[in-house]
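Here is a short briefing on one structure. It covers strand pairing, aromatic contacts and salt bridges.

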Amino acid sequence: RTSFLTTKWDLVEWLADPGKKNRLYIIMKTYMARSEDIEKKWYIIDANGKTVGRLATRIANILRGKGKPEFTPHADMGDFVIVINADKVNFTGKKWNQKTYYWHTPYPGGLKSITAEKLLKEKPEEILKKAVWGMLPKTKWQKRLIKRLKVYRDGAHPHKAQNPHVLEV
């Protein structure tokens, strides 16, 4: 016979009786968040003087929604992130000259590369996007999450209507 305890007094009575050999079953309900129930917020991050890897880690966690208490891995919990001043990010050490980004064209011998220093001059937004892309889970959510990341070269952005919250990193 099993006992179902409904009040704390039932639990006290059950614990006080050492002769009972019944097993205790406490019914608990686990909250599972759904994507539809979550309100998406907008955050703005100033990348001026920030280290790329540390900043990308924080952005990836916000995009996934891992900072929320109701985080559920299989649900879309993440928020939108606006990054300004992407051309003023930092790397540690000699990564400006040593870090190389590779891509491949569909032609024979089409392996192309560019250093971080040259990429910063041409497309500074891509440095942060590539860093965050590598930190997102390699699932069907990856493309959906990266679309919520808006990176801008300077301090201007067209998302004033969303009333983004300034986030200190």
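Two strands pair if DSSP finds at least two bridges between them. Strands (E, at least two residues) and helices (H or I, at least four residues) are DSSP runs, numbered from the N terminus. The model is predicted: local features need pLDDT of at least 70, side-chain atom pairs count only at pLDDT 80 or more, and totals for chains, interfaces and linings use all residues. Residues are numbered from 1 along each chain as its sequence is written, and side-chain values use heavy atoms, with hydrogens and water left out.

**Strands around β3**

- Strand β3 covers residues 42-46, and strand β4 covers residues 80-84.
- β3 and β4 pair in the parallel sense, over five bridges.
- I44 has I82 of β4 as its bridge partner.
- From β3 the chain passes through α2 to β4, a β-α-β crossover that is right-handed. Right-handed means that, with the strands pointing away from the viewer, the path from the first strand over the helix to the second runs clockwise.
- β3 also pairs with strand β8 (residues 165-166), in the parallel sense and over two bridges.
- In β8, V166 stands opposite I44.
- Four of the five residues of β3 are buried, so this strand is mostly covered. Buried means under 20% relative accessible area, exposed means over 50%, and partly exposed is in between (1.4 Å probe, protein chains only).

**Aromatic contacts**

- The structure holds two aromatic pairs. Rings of Phe, Tyr and Trp (its six-membered ring) pair if their centres lie within 6.5 Å; planes under 30 degrees apart count as stacked, over 60 as edge-to-face and the rest as tilted.
- One of them is the stacked pair of W42 and F80, with 4.3 Å centre to centre and 5° between the planes.
- W42 lies in β3 and F80 in β4, so this pair ties together parts that are 38 residues apart in sequence.
- W42 is buried at a relative accessible area of 15%. F80 is partly exposed at 21% relative accessibility.
- F91 and W96 make an edge-to-face pair, 4.8 Å centre to centre with 80° between the planes.
- F91 is buried, at 13% relative accessibility.
- F80 has a further contact: the charged end of R148 sits over its ring, 5.7 Å from the centre. The rule asks for NZ of Lys or CZ of Arg within 6 Å of the ring centre and within 35 degrees of the ring normal.

**Salt bridges**

- Side chains of opposite charge can pair when their charged atoms come close.
- A salt bridge here is a side-chain nitrogen of Lys or Arg within 4 Å of a carboxyl oxygen of Asp or Glu. The count by this rule is six.
- R34 bridges to E36, with the closest N and O atoms 3.8 Å apart.
- R34 also meets D37 in a salt bridge, at 3.2 Å from N to O.
- E36 is exposed at 61% relative accessibility. R34 is partly exposed at 47%, and D37 is partly exposed at 46%.
- K40 forms a salt bridge with D76, the closest N and O atoms being 3.9 Å apart.
- K40 lies in the loop between β2 (24-25) and β3, and D76 in the loop between α2 (52-64) and β4, so the pair ties together parts that are 36 residues apart in sequence.
- K40 is partly exposed at 27% relative accessibility, while D76 is buried at 9%.
- Shared partners join the salt bridges of R34, E36 and D37 into one network.
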